[in-house]
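Here is a short briefing to read alongside the structure. Take a look at the model first, then come back for the details.

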Amino acid sequence: MIMAFSFPPGTASLLEDIDKKLMVVLRDGRTLIGYLRSIDQFANLVLHKTIERIHVGKEYGDIPRGVFVIRGENVVLLGEVTIEKEMNLPLKKVSINDILEAQRREQELKQEQEKLMAKALRERGLSYIPDLSHDDMF
């Protein structure tokens, strides 16, 4: 006899993902990949063997983070990572130093573009409010 468990929507449905490898995108823009070890009624997560994956263009790098506790309110997106999905990434893996350098350059370019935008708007008598998205939090 096969028993099918039907979980109600919400955090209880994550119980079936315990011990699976998950990718979690946080509200601040970080991407974490690790094994789900625990979850509570507030959707707080505990990931084991966690890495932080940084994407810049068509490249990515992984930074080992170990055990990671995530408050449920900070989770934007969560999904299972399978071996097939990881093997078919259309991205090139680079070293941690290379990806951090690429990320630094990308942030500097963005800041320079914001300065130019602010200057152009000021010249036209307008004010500029910079983008306060997750990229500026690091």
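This is a predicted model: local features need pLDDT of at least 70, side-chain atom pairs count only at pLDDT 80 or more; totals for chains, interfaces and linings use all residues.

**A helix and its charged pairs**

R104 is partly exposed, with a relative accessible area of 35%.

- R104 forms a salt bridge with E108, and the closest N and O atoms of the two are 2.4 Å apart.
- Both R104 and E108 belong to helix α2, where four residues, about one turn of the helix, separate them.
- An α-helix has 3.6 residues a turn, so residues three or four places apart point the same way.
- E108 is also partly exposed, at 42% relative accessibility.

**Helix α2 as a whole**

- Helix α2 covers residues 96–123, which makes 28 residues.
- From its first C-alpha to its last, α2 reaches 41 Å, close to the 40 Å expected at 1.5 Å a residue.
- Which residues of α2 are buried? They are I99, A102, Q103, K110, E114 and A118.
- The cover over these buried residues includes β3 (45–56) and β4 (59–70).
- After α2 comes G125, which has a positive phi, near 80°.

**What the record says**

- An unreviewed UniProt entry lists residues 92–123 as "coiled-coil region".
- In the model, the end C-alpha atoms of residues 92–123 lie 42 Å apart.
- That span, residues 92–123, is 88% helix and 6% strand.

**Salt bridges beyond the helix**

- How many salt bridges does a search of the whole structure find? The search finds twelve.
- Side chains of opposite charge can pair when their charged atoms come close.
- One of the salt bridges joins R37 to D19, with 2.7 Å between the closest N and O atoms.
- R37 sits in strand β2 (residues 31–39) and D19 in the segment before β1 (21–26), so this pair ties together parts that are 18 residues apart in sequence.
- R37 is partly exposed, its relative accessible area being 36%.

**A buried pair and its network**

- R53 and D62 form a salt bridge whose closest N and O atoms are 2.7 Å apart.
- Are R53 and D62 buried or exposed? Both R53 and D62 are buried.
- R53 and D62 also take part in a network of salt bridges that links them with K21, E86 and K93.

Key. Residues are numbered from 1 along each chain as its sequence is written. Side-chain values use heavy atoms; hydrogens and water are left out. Helices (H or I, at least four residues) and strands (E, at least two) are DSSP runs, numbered from the N terminus. The expected span of a helix is 1.5 Å times one less than its number of residues. Buried means under 20% relative accessible area, exposed over 50%, partly exposed in between (1.4 Å probe, protein chains only). Contact means heavy atoms within 4.5 Å. UniProt positions are given in the numbering used here, feature names are shortened, and annotations may be inferred rather than shown by experiment. A salt bridge is a side-chain nitrogen of Lys or Arg within 4 Å of a carboxyl oxygen of Asp or Glu.
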